[in-house]
Amino acid sequence: MSNTVAPMLSVFPSRALVDENFKVVVKNLPPGCPVTLHSLHQCEDKYYWEAYGHYTSNHRGTVSVTDDLSFGGTYTGKEAMGLLWSMRPVPGSREGLRLRRRNVCSPLLVNISVYRGHVVEGFREQAPLASSLTERWYMAPGVQRIQIREKGVRGTLFLPPGPGPFPGMLDMWGGGGGLVEYRSALLGSHGYASLALEYFAPGEMKSADFEFNYFETAFNIVKYHPQVMPDKVGIFGLSLGAVLTILLAAESSVIKPSCCVCISGNHLFPRGMTIKEALNMKSPKIRLDENNYEIWRDMGLPIPDDPTHKIDVGRINCPIMLVNGHDDQNWATVESADDMAQMMRAAGNLHLLTRLHYPDAGHLIEPPYTPHFRATKFVKDTKEKVILLWGGQTKPHSDAQEDSWKNILAFLEQNLYSSPTLKAKM
């Protein structure tokens, strides 16, 4: 660069919640200069993730990722957050990786750099023109993280800053098991007292305690917390967690959720059968794609006519939101949602149902700007490690994550808050 002034890269805000937008701007370039914007993150497992876009500076020698087109890279077009949502493991990484934050008390650190020319590889072997480190947080300042070991229930409660009382949330993840905290931390940052519930250890579904009592007890731990509004508690589930959410909303006589959000779930739960038994019954329908990734969606097809093979969703009496992707390769969630809508119409409670469905989105619809994982490693309850195909195409899946999150927060605010919610900012 013949410029006498060194190129300058800024990221604003440099500290933000993971669902907040940032602006990335490069100044002091020669006009019409080809450059590559690159993001790099080292996850807790020490794997590197990256994204990059190719830009050309304008007549003032400036590139703005928000306003300018990327002509190539891991994303193209005008994509303000492409440097995050299009992240993928660097070449040569192990197959089937998934980026999930375990320690929510510290930020994801993302190094954003600008390189001379349109670079496609070897970023770490060359010196950038300028760099900036940005922090992406799941927990806003003042959010409390409280370990729960009470009445047999295992989980982590996130309390928003301030005295409350706050609306409450029971947050359940899927069939991978374990304690997953990051969505609850983010809900805590948006003003909800959210309990991330662990209901079985990874690969331990056969010993999972799917007794109603466990989930009802967990719900009541949230409901009766002194900083929670007892009549404003919802349930949020993804995948298997969404199946359990639907089951609790329809069939529990003990708890009455104020609303439910179900991402990539279904209502196919045969009466008197454990989830493990139900899955084993359908396991011959698992097939492999050309990469030997397991596709599970056929296990849900055809949707049974027999009502004893389904949760009686006609008994749901709270607002419920279903969020699904048409390219979900793990479960036939859109077909299941169609059937739920028919059942609810017949029962007269269809007015309680809100549906979001997205073409070319897959199963793992996460908070916005989370990278898209089309297929990742999964430990089955036989301890066998496989790669599951979740589905989705990166750009439409990422758009679905951003759009659904805005709609989910609006739905929760409408049903759980009587006044405007706390707007958390870093």
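## Strand β14 and its neighbours

In β14, which covers residues 228-238, G237 is the bridge partner of M172. The strand that pairs with β14 in the parallel sense over six bridges is β12, residues 166-172; two strands are said to pair if DSSP finds at least two bridges between them. Strands of a sheet pair through backbone hydrogen bonds, either parallel or antiparallel. The names used here follow DSSP runs, numbered from the N terminus, where a helix (H or I) has at least four residues and a strand (E) at least two.

This is a predicted model, in which local features need pLDDT of at least 70 and side-chain atom pairs count only at pLDDT 80 or more, while totals for chains, interfaces and linings use all residues. Residues are numbered from 1 along each chain as its sequence is written, and side-chain values use heavy atoms, with hydrogens and water left out.

## The sheet and the helices across it

Eight strands form an open sheet with mixed pairing, in the order β10-β11-β13-β12-β14-β15-β18-β19. Its edge strands, each pairing on one side only, are β10 (144-150) and β19 (353-358), and the twist from one strand to the next averages 20°.

Helix α3 (residues 212-223) lies across β10, β11, β12, β13 and β14, and runs at about 135° to β14. Helix α6 lies across β18 and β19, at about 150° to β18. These angles, on a scale from 0 to 180 degrees, are taken between N-to-C directions of axes, which are lines fitted to C-alpha atoms, for helices over the stretch in contact.

## The annotated active site

An unreviewed UniProt entry lists S239, D328 and H363 under "active site". They span 125 residues in sequence, yet no two of their C-alpha atoms are more than 10.8 Å apart, so they gather at one spot. UniProt positions are given in the numbering used here, feature names are shortened, and such annotations may be inferred rather than shown by experiment.

S239 sits in the loop between β14 and α4 (240-251), and D328 in the loop between β18 (320-325) and α6 (333-347). S239 counts as buried because its relative accessibility is 13%, and D328 counts as buried at 1%; buried means under 20% relative accessible area, exposed over 50%, and partly exposed in between (1.4 Å probe, protein chains only).

Leaving aside residues up to four places away in sequence, S239 touches residues including I263, S264 and H363, where contact means heavy atoms within 4.5 Å.
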